[in-house]
Amino acid sequence: MLTVRRALERGHFRYDWLDTYHSFSFSDYYDPAHMGFRALRVINEDRISPGSGFGMHPHRDMEIITYVLEGALEHRDSMGNGSVIRPGEVQQMSAGTGVRHSEYNASKTDPVHLLQIWVVPNVLGVPPSYAQKEFGIESRRSKLCLLASPDGQGGSIKIHADARLYATHLERGERVEHLVRPDSGTWIQVAKGKLQVAGTELAPGDGASTSDAGSLMLETDESAELLLFDLA
């Protein structure tokens, strides 16, 4: 069975510099029916105005992944890292024993559109760490590209969590198959375009989950970009 979380059902806040949607309870948005899915704790879809962003703030014991859809995001942290994340790049930060970071729109003229993801770690108190890697469009086109995993398989970013994160870009008429493992769960997050999963149409911002083992077919009649989480 597929459980759908529609885009407009998410928590939503609009400020003068930030338009944000929360798939799960986060900050001032609380819904006991949506506290996360397995180890997946946060999926926030943020649009940040030019020159604005989140000032320095702390985290600990969380795996934080940033996936930029449009624009550029500037990152700085207390480990001394400073970088700009653009579409096709994945940034990961293990907060571990504690880290502070800031995130700002790197442009003074254009907005930045991103997904920020939190995954609950399977080990606490690790030294904080940072990674950033590019996964070009060809590596994601018409196939599930592994972005993050517990063991860094296939050149993916290593995370301290029982989770694997994939991305794919499908053109009209294309499809990919995902095998939901026994005793695991899958969450699909549509980033762009429309998608059909198990006979259900998903639109941008929609999420869907299942814990039923077996084949899951993802296909599109136009084009679509999505993230898929394989969670223990």
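Two strands pair if DSSP finds at least two bridges between them; strands (E, at least two residues) are DSSP runs, numbered from the N terminus. On that basis, an open sheet of four strands has the order S5-S10-S7-S8, with antiparallel pairing. This is a predicted model, in which local features need pLDDT of at least 70, side-chain atom pairs count only at pLDDT 80 or more, and totals for chains, interfaces and linings use all residues. Residues are numbered from 1 along each chain as its sequence is written, and side-chain values use heavy atoms, with hydrogens and water left out.

**The four-stranded sheet**
- Strand S5 (53-59) and strand S8 (82-85) each have a single partner strand and stand at the edges, so one side of each lacks a neighbour in the sheet.
- S5 and strand S10 (residues 99-105) run antiparallel and are joined by five bridges.
- Phe 54 has Glu 103 in S10 as its bridge partner.

**Ser 184**
- Ser 184 lies in the loop between strand S16 (175-180) and strand S17 (185-193).
- Ser 184 has a relative accessible area of 1% and is therefore buried (under 20% relative accessible area, 1.4 Å probe, protein chains only).
- The side chain of Ser 184 reaches the backbone oxygen of Arg 181 at 2.6 Å.
- Beyond residues up to four places away in sequence, Ser 184 touches Arg 38, Ser 211, Asp 230 and Leu 231, where contact means heavy atoms within 4.5 Å.

**Thr 186**
- Thr 186, in strand S17, is buried at a relative accessible area of 1%.

Conventions
Buried means under 20% relative accessible area, exposed over 50%, partly exposed in between (1.4 Å probe, protein chains only). A polar contact is a pair of N or O atoms within 3.5 Å; within protein, one must be able to donate a hydrogen and the other to accept it, and residues adjacent in sequence count only if both atoms are side-chain atoms.
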